[in-house]
Amino acid sequence: MRTCQGTAVSGLEVIDRPASCFGDRRLGSRIELVVIHYTAMENAEAALERLCGSEFEVSAHYLVGRDGTVYRMVREDKRAWHAGAGSWAGRGDVNSRSIGIELDNDGTTQFTEPLMKKLEVLLADILDRHVLHPRAVIGHSDMAPDRKRDPGRHFDWRRLAEKGLSVWPAPLPGGDFMRDAAAFGYPVQVGESAILSAFRQRFNPSARGPVSKDDEALMAGLARGLPAGVAWGSPGR
């Protein structure tokens, strides 16, 4: 076990647990996204064993434990293997243009307060250093809606948005759900069912059934207020 205690990321104490699986970012890719995951494992140590080893060929830049401990596995200038197949805003190879953050959560329970507080500090630091707009923070299920569900319905996206660390839509009437989903950044080629599921996990978790007027209004708010085609950098950061 390779461990180094006490390294700081802009004042945030982290524990370095170097991963085996990573590489160079491809074709000079710049960091444009932050992808949030849950581990779906028993605890942080079990997740670290998987993420730092070579057997499963996965890794992430950071892991935030349920107790608020922050682990760094891959340096931000390197390409971690966390996103896999998928796309956002019409572009693939999300690994090369993102930072991956794993959260110590089993996928069925609420995220702990210590975890959320440290995640907020980490996200604020990443967005500031890389000059990213809060819309750059997405879930694994957003960019791979046909195969991933994390961080799931229990993750509090609205809390992050209220702190300027993610986005939340103001509903607008007269939307076309799939057209607006594409404008926001979703990979609509996977089909309406997968997009609706991923969208609701994040923005309308209590909804069920076919696309509703509420779904259309929320997606229209995202498409018109926060379209993927605008520059990722924010003058406000």
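Here are some notes on the packing and backbone of this predicted model.

1. Ground rules first. Residues are numbered from 1 along each chain as its sequence is written, and side-chain values use heavy atoms, with hydrogens and water left out. As the model is a prediction, local features need pLDDT of at least 70 and side-chain atom pairs count only at pLDDT 80 or more, while totals for chains, interfaces and linings use all residues.

2. Start with the largest nonpolar core, which has 28 residues. A core here is a set of buried Ala, Val, Leu, Ile, Met, Phe, Trp, Tyr and Cys residues joined through side-chain atoms within 4.5 Å; buried is under 20% relative accessible area, exposed is over 50% and partly exposed is in between (1.4 Å probe, protein chains only). Ile36, Ile101, Leu103, Leu123 and Phe155 have the most contacts inside this core. Elements giving two or more residues to it are β2 (12-16), β4 (33-38), β5 (62-64), β8 (98-103), α2 (113-130) and α4 (157-162), where helices (H or I, at least four residues) and strands (E, at least two) are DSSP runs numbered from the N terminus. Helix α2 supplies the largest share, seven residues.

3. Not counting residues up to four places away in sequence, Ile101 touches Val34, Val35, Ile36, His37, Tyr62, Val64, Leu119, Leu122, Leu123 and Ile126 (contact: heavy atoms within 4.5 Å).

4. Now the rings. The whole structure has nine aromatic pairs, counting rings of Phe, Tyr and Trp (its six-membered ring) with centres within 6.5 Å; planes under 30 degrees apart are stacked, over 60 edge-to-face and the rest tilted. Phe111 and Phe155 have ring centres 5.1 Å apart and planes at 80°, so they pair edge-to-face. This one links distant parts of the chain, 44 residues apart: Phe111 sits in the loop between β8 and α2, Phe155 in the loop between α3 (140-143) and α4. Phe155 also pairs with Trp157, centres 5.0 Å apart and planes at 80°, so that pair is edge-to-face too. Phe111 and Phe155 are buried, and Trp157 is buried as well. Elsewhere in the list, ring pairs join Trp88, Trp168, Phe177, Phe184, Tyr186, Phe199 and Phe203 into a cluster.

5. On to α6 (residues 192-203) and α7 (residues 213-225): their axes come within 11 Å and cross at roughly 80°. That makes the two helices roughly perpendicular (the label covers 65 to 115 degrees; under 35 is roughly parallel, over 145 roughly antiparallel and the rest oblique). Axes are lines fitted to C-alpha atoms, for helices over the stretch in contact, with angles from 0 to 180 degrees between N-to-C directions. Ile195, Leu196, Phe199, Arg200 and Phe203 of α6 meet Asp215, Leu218, Met219 and Leu222 of α7.

6. Ile195, in helix α6, is buried at 0% relative accessible area. Leaving aside neighbours within four places in sequence, Ile195 contacts Pro145, Phe177, Met178, Ala181, Tyr186, Pro187, Val188, Val190 and Met219.

7. Last, some backbone spots to check. Most residues other than glycine have a negative phi, and most peptide bonds are trans. The Asp150 to Pro151 peptide bond is cis, with omega near 10°, and Pro151 lies in the loop between α3 and α4. Ala40 has a positive phi, near 55°, in the loop between β4 and α1 (44-52), and is partly exposed at 44%. Ala89 has phi near 55° and is partly exposed at 27%, in the loop between β7 (78-80) and β8.
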